[in-house]
Amino acid sequence: RQRQMCIRDRVIKELISYDIELGCPIDKAIYHYNPDGLLQKKTLYKWDRNAGWIGSQKYDYECNGDGKIINLIYTEWNDKLNTWSCRSEQLVHIYDTEGELLATK
């Protein structure tokens, strides 16, 4: 199932995978786009019969003026604390003068 919402010039899309045989959701992904259509954030969840939706992973994107990703922040869910981890990983994308990706670090 896919759902799309517009909130203050942002577009949020939600995709849910559903197991027809078991009659329950499996996982969902929520995508946040800016008014120009660039992905700003992606959050993944897994379904738990007892607790409902539980976070899994989230990605925060920062783009340059050309719409290319320059920073990607990756965060995992902390099951013990039942919240997003305090630690994240950052991937910096480096481009040459023609806009071709040179490296990520």
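Which residue in strand 4 does aspartate 27 stand opposite? I looked this up and found lysine 46.

**Entry 1. Ground rules**

I note that this is a predicted model, in which local features need pLDDT of at least 70 and side-chain atom pairs count only at pLDDT 80 or more, while totals for chains, interfaces and linings use all residues. Residues are numbered from 1 along each chain as its sequence is written, and side-chain values use heavy atoms, with hydrogens and water left out.

**Entry 2. The whole chain**

I looked up the secondary structure and recorded eight strands and zero helices in the protein chain. The order from the N terminus on is β-β-β-β-β-β-β-β. The radius of gyration is 16 Å, well over the 13 Å that the globule rule gives for 105 residues, so the protein chain is more spread out than a compact globule. For these terms I use the following: helices (H or I, at least four residues) and strands (E, at least two) are DSSP runs, numbered from the N terminus. The radius of gyration is taken over C-alpha atoms, and the globule rule is 2.2 Å times the number of residues to the power 0.38.

I also looked up the box that the C-alpha atoms fill, which is roughly 50 × 30 × 25 Å along the principal axes. Of the 105 residues, 26% count as buried; buried means under 20% relative accessible area, exposed over 50%, and partly exposed in between (1.4 Å probe, protein chains only). Among contacts (heavy atoms within 4.5 Å) between residues at least 6 apart in sequence, 14% join residues at least 24 apart.

For charge, I recorded 15 positive and 16 negative side chains, with the centres of the two sets 7 Å apart. Here Lys and Arg count as positive and Asp and Glu as negative, while His and the chain ends are not counted. The place of a charge is NZ of Lys, CZ of Arg, CG of Asp or CD of Glu.

I followed the pairing from strand 2 onward; two strands pair if DSSP finds at least two bridges between them. Strand 2 (residues 10-19) and strand 3 (residues 24-33) are antiparallel, with nine bridges. In this pair, tyrosine 18 stands opposite proline 25 of strand 3. Their hairpin has four residues between the strands, and glycine 23 there takes a positive phi near 70°.

Strand 3 also pairs with strand 4 (residues 39-48), in the antiparallel sense, over seven bridges. The hairpin of strand 3 and strand 4 has five residues between the strands, and in it glycine 37 has a positive phi near 90°.

Strand 4 in turn pairs with strand 5 (residues 52-63) in the antiparallel sense, over eight bridges. I found lysine 42 opposite tyrosine 59 in strand 5. Three residues form the link in the hairpin from strand 4 to strand 5.

**Entry 3. Two threonines**

Beyond four places in sequence, threonine 43 touches Lys28, Ala29, Ile30, Gln57, Lys58 and Trp84.

I then turned to threonine 75, in strand 6 (residues 69-78). Threonine 75 counts as buried at 3% relative accessibility. Its contacts beyond four places in sequence include Gln57, Lys58 and Trp84, as well as Ser88. The C-alpha atoms of threonine 75 and serine 88 are separated by 4.7 Å, although the two residues are 13 apart along the chain.

**Entry 4. A loop residue**

Where does asparagine 82 lie? I located asparagine 82 in the loop between strand 6 and strand 7 (83-95). Its phi is near 60°, a positive value in a residue other than glycine. Most residues other than glycine have a negative phi. Asparagine 82 counts as exposed, because its relative accessibility is 54%.

Valine 92 lies in strand 7 and is partly exposed, with a relative accessible area of 26%. Not counting residues up to four places away in sequence, valine 92 touches Ile70, Asn71, Ala103, Thr104 and Lys105.

Last, I looked up leucine 101, in strand 8 (residues 101-104). Leucine 101 is partly exposed at 45% relative accessibility. With residues up to four places away set aside, leucine 101 touches His93, Ile94 and Tyr95. Leucine 101 and lysine 68 are 33 residues apart in sequence and 9.2 Å apart in space, C-alpha to C-alpha.
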